[in-house]
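Here are some notes for a colleague who is opening this entry for the first time. Please keep the sequence and the structure in view while reading the numbered points.

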Amino acid sequence: MTNPCTVFLELLGMLIGMGGWFCSLAATIMPQWLSLSTELMGMESYEQGLWEACVIQEVAGTECRPYDTILGLEPKFMLARVLMCVSDATCLLGLLLAIPAMSQINCCKSEEGWRTKRGLKITAGVFVCIAGLFVLFPISYVAHDIVIKFFDETIPHVVPRSEFGDALFIGWAAGLLDIVAAVLFFASCSDSRDSEPHLVHHYQRQEIRTIDGSRKRTEYV
């Protein structure tokens, strides 16, 4: 019989993992990694992402333009591009591996099949955890670079400084959700059948002999 706690952990891990994947995909696509506004032009602000840069004007609206070449792209954005794409693919692969390993899927009901499902869930948890780390690293690296440049005293105060964009916060949420989903997948592997006591019937053969040594009857207790 399927343990309800295991089913709950699997479903919760799958839902949180899907939420983390959607947040990671949104952070990859969004252009709001860096936000830049100047005091000289209060009606205009700039946003920079992994794939394009946008100019936001209160009158003309938002105009985005993709980067002409990757050769002129900053190294931190090149690194973030690679890691975010790898993270999205790794998390999706982990979620696909977790689907056939769920207890609700009516397959592999034998003991060997249960071990296979357990191995798939552990593999899925490892993939999702790696995906979460791959999200947190570029997001935190870009945020660290923004903080360093914001408090850099060698830069004149007239020069505008970048601030955190919305994509960074969504990326942090995606990384944490992926790690939580991985922990739930790992926790669901500890099925109750490992701790259930198994009843073992011991049969004791008892022979009763008569005075002359002949065997009278045999009883099983």
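Does Phe164 count as buried, exposed or partly exposed? Phe164 counts as partly exposed, because its relative accessibility is 33%, where buried means under 20% relative accessible area, exposed over 50% and partly exposed in between, with a 1.4 Å probe and protein chains only.

1. On the basis of these notes: this is a predicted model, in which local features need pLDDT of at least 70 and side-chain atom pairs count only at pLDDT 80 or more, while totals for chains, interfaces and linings use all residues. Residues are numbered from 1 along each chain as its sequence is written, and side-chain values use heavy atoms, with hydrogens and water left out.

2. On the aromatic rings: rings of Phe, Tyr and Trp (for Trp, the six-membered ring) pair if their centres lie within 6.5 Å, and planes under 30 degrees apart count as stacked, over 60 as edge-to-face and the rest as tilted. By this rule there are six aromatic pairs. In one of them, Phe164 and Phe169 have ring centres 6.1 Å apart and planes at 70 degrees, so the pair is edge-to-face. Phe164 also pairs edge-to-face with Trp172, at 6.0 Å centre to centre and 75 degrees between the planes. Phe164, Phe169 and Trp172 thus belong to one aromatic cluster; Phe169 is partly exposed at 46%, and Trp172 is partly exposed at 23%.

3. On the nonpolar cores: a nonpolar core is a set of buried Ala, Val, Leu, Ile, Met, Phe, Trp, Tyr and Cys residues joined through side-chain atoms within 4.5 Å. The largest has 17 residues, of which Trp33, Leu50, Phe77, Met84, Val142 and Leu168 touch the most other members. Two or more residues each come from α2 (75-98), α3 (111-150) and α4 (166-188), these helices being DSSP runs of H or I with at least four residues, and strands runs of E with at least two, numbered from the N terminus. The largest share, five residues, comes from α3. Apart from this core lies another, of 14 residues, among them Ile16, Ala131, Leu184 and Phe185.

4. On the disulfide: under the rule that two cysteine sulfur atoms lie within 2.5 Å, the count is one disulfide. Cys54 is joined to Cys64, with an S to S distance of 2.0 Å, and the link is right-handed, with 105 degrees about the S-S bond. Cys54 lies in strand β3 (residues 52-57) and Cys64 in strand β4 (residues 61-66), so the pair ties together parts that are ten residues apart in sequence. Cys54 is buried at 2% relative accessible area, whereas Cys64 is partly exposed at 36%.
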